[in-house]
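Q: I have the sequence and the model open here. Could you walk me through a few features of the fold?

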Amino acid sequence: MFKRSFAQKDRAGKITKQAKRSFRDNAKQKMMFEKLDSPQLESVSPNLTSAIVTIVIGPDQRLFAAHEDVLSHSPFFATALRDQFFESNSRRITVPDEEAEVFSCVLEYLYKGDYYPRLMHDKKRNTWMLEGAADEDPHSKLGGRGSVEPTIFHSGLGDVILRDTAVYCAADRYGLEELKRLSLRKQGLQSGIEVGTILRSARYAYENTPDTDSRLRAHYLALIIRSRRTFKRSGTMQMEMEMGGKLFFDLFVAMCNHIDDIVDVTQVPHLS
């Protein structure tokens with residue numbers, strides 16, 4: 001299931017801090033950034049004159065409104081609009097098990113091809129970063145809405161998990177492959193996350209993705225292996241391992257593969 005060993009694309013990147021700039025420098029840099037456009041929506045022009053549908057989200061029954069044609073980009077909602085989940089008289093769909101904050105990200109993606117904080121491309125350096133992370137100056141956010149926490153409180157778990165993991169799992173349920181790729185790339189740009197949050201999010205990923213989808217799971221396995229010095233000293237890691245689960249068997253296999261790679265490299269005969 002997991003390749004030997006983890007390629008660079010599976011590695012979680014870090015946001016590079018840059019020196020403070022003048023207003024003119026910031027204006028120039030802003031012109032060098034561009035929003036990541038979703039290939040899924042590039043060829044689709046949403047019909048914003050289509051009927052409005054009300055979506056009832058979560059146990060608190062938070063209400064969202066969206067155009068029917070926009071929702072239909074998701075196979076899940078396209079089906080829901082045709083079957084018993086759709087209350088035709090009130091034009092309403094109920095999704096009782098979803099988190100409002102996660103659905104808000106999904107809906108923003110369906111309309112804009114991304115969700116906040118947006119993924120930004122620095123053309124000059126040919127690197128990717130999250131919106132608002134390009135400058136240490138809190139007053140210079142390149143047109144963004146300010147910093148945002150990488151975690152959300154998940155009412156079903158009663159604790160916090162990484163937002164991008166929750167979005168990835170939601171995208172899997174709604175059949176949005178491009179959103180899955182986008183959320184995974186964004187998660188790779190996060191750093192400084194607590195061990196407990198990482199492990200909790202990893203368990204959530206395992207519980208809410210099929211065994212046939214290994215991308216998000218491999219991301220967590222690679223992250224734990226790279227940060228093994230931190231995890232092996234963690235009491236939270238010990239407790240989680242004692243609880244067990246498929247996550248830790250996969251971690252064992254991945255670490256064995258990693259060790260095998262190292263052994264293979266050291267055993268390569270040197271040419272005289």
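**Loops, core and a helix pair**

A: N126 is placed in the loop between β6 and β7 (127-130), where strands (E, at least two residues) and helices (H or I, at least four) are DSSP runs numbered from the N terminus. This is a predicted model, in which local features need pLDDT of at least 70, side-chain atom pairs count only at pLDDT 80 or more, and totals for chains, interfaces and linings use all residues. Residues are numbered from 1 along each chain as its sequence is written, and side-chain values use heavy atoms, with hydrogens and water left out.

Q: OK, what is phi of N126 near?

A: Phi of N126 is near 55°, which is a positive value in a residue other than glycine. N126 is also exposed, with a relative accessible area of 58% (exposed means over 50%, buried under 20% and partly exposed in between, with a 1.4 Å probe and protein chains only).

Q: And Q61, where does that lie?

A: Q61 lies in the loop between β2 (52-57) and β3 (62-67). Its phi is near 55°, again a positive value in a residue other than glycine, and Q61 is exposed, with a relative accessible area of 54%.

Q: Switching topic, which peptide bond is cis?

A: The bond from Y116 to P117 is cis, with omega near -5°, and P117 sits in the loop between α5 and β6 (119-122).

Q: Now the largest nonpolar core: which residues touch the most other members?

A: Those are I55, L71, F103, L110, Y174 and L179, out of 57 residues in that core (a nonpolar core is a set of buried Ala, Val, Leu, Ile, Met, Phe, Trp, Tyr and Cys residues joined through side-chain atoms within 4.5 Å). Helix α5 (residues 100-112) gives the most to this core, with 8 residues. The core draws at least three residues from each of domain 1 (49-96) and domain 2 (98-131 + 148-266), with bounds that come from an automatic or database domain assignment.

Q: What is F103 in contact with, leaving aside its neighbours within four places in sequence?

A: F103 is in contact with I55, I57, F64, F77, E98 and Y174, contact meaning heavy atoms within 4.5 Å.

Q: Last one, at what angle do the axes of α6 and α9 cross?

A: The axes of α6 (residues 163-174) and α9 (residues 215-226) cross at roughly 155° and come within 11 Å (axes are lines fitted to C-alpha atoms, for helices over the stretch in contact, and angles run from 0 to 180 degrees between N-to-C directions). That makes α6 roughly antiparallel to α9, since angles over 145 degrees count as roughly antiparallel, under 35 as roughly parallel, 65 to 115 as roughly perpendicular and the rest as oblique. T165, Y168 and C169 of α6 make the contact with R215, L216 and Y220 of α9.
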